[in-house]
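This report describes one protein chain. Look through the sequence and the model first, then read on.

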Amino acid sequence: MIKPSVPDQLDVRRACRAEESYGAVMVLQRLPRVLEAIEESVRAVAAEREVRVELAFSRDASGWHRMTGEVSVRVPRVCQRCLKPMDDVVTSQVSVAFASSEEEARQVPRDCEPMILGAQLDTVAALEEELLLAMPLHASHADTSCAGEIPGPEASAEPEAAVAKENPFAVLGKLLGKNESKS
Ligand SMILES: [Zn+2]
């Protein structure tokens with residue numbers, strides 16, 4: 001069964017034994033360190049954004065307690081080139097092996113990152129860590145010409161609306177034409 005919410009503290013060993021999975025949506029507000037990394041002017045908008053969390057706990061054949069899954073959120077940022085707000089999708093593939101000591105942490109399987117575990121997993125800190133590592137320090141539009149001329153949303157919306165208005169008449173004209181030729 002997939003649990004719909006992630007607790008703040010999680011008993012990893014128990015979760016791995018029970019092979020628990022989580023599929024949750026939480027507001028970014030719950031991850032304050034991620035919010036702090038976002039430009040102040042868009043931070044209030046960011047706080048309301050939904051973070052999608054999918055986590056599965058298991059024990060692998062070698063006995064490692066594992067956490068795998070994906071964390072993703074569409075964060076509002078400020079483009080450092082044109083200084084306009086933009087959305088940036090931040091996704092982190094989670095592949096963690098829990099260790100009980102520094103020494104054990106050095107031996108985790110290659111495909112995972114080690115996480116040293118106390119009695120409980122602080123899920124908020126873990127999710128913050130995942131997103132902070134995946135999030136660029138500074139964001140900018142994929143289109144590198146954004147600092148130059150960019151058509152605003154108003155400019156592109158008008159021709160489209162005009163086309164949409166024309167269409168029904170064009171179709172009507174064709175229908176009338178057909179009817180006339182039949183009679
Ligand atoms: Zn830009």
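## Confidence

What is the mean pLDDT of the chain, and what share of its residues reach 70 or more? The mean is 86, and 81% of the residues reach 70 or more; pLDDT is the predictor's confidence in each residue, from 0 to 100. Over residues 155-166 the pLDDT is below 50, and beyond near neighbours in sequence this stretch has one contact in the model (two residues are in contact if their C-beta atoms, placed from the backbone, lie within 7 Å). Over residues 179-183 the pLDDT also stays under 50, with zero contacts beyond four places in sequence. Where pLDDT is low, the predicted coordinates should not be read in detail.

This is a predicted model: local features need pLDDT of at least 70, side-chain atom pairs count only at pLDDT 80 or more, and totals for chains, interfaces and linings use all residues. Residues are numbered from 1 along each chain as its sequence is written.

## Elements and contacts

The chain has six helices and eight strands. Helices (H or I, at least four residues) and strands (E, at least two) are DSSP runs, numbered from the N terminus. Their order from that end is β-β-α-β-α-α-β-β-β-α-β-β-α-α.

Among contacts with a separation of 6 or more, 58% join residues 24 or more positions apart.

## Helix H5

Helix H5 covers residues 123-134; its 12 residues should span 16 Å at 1.5 Å a residue, and its end C-alpha atoms are 17 Å apart, which agrees. The expected span is 1.5 Å times one less than the number of residues.

Buried residues of H5 include Thr123, Leu127 and Leu131 (buried: 20 or more other C-beta atoms within 10 Å of the residue's own, with C-beta atoms placed from the backbone). The buried residues of H5 pack against elements including helix H2 (32-36), strand S5 (65-78) and strand S6 (85-99).

Note on methods
Buried ≥ 20, exposed ≤ 12 C-beta atoms within 10 Å, placed from the backbone.
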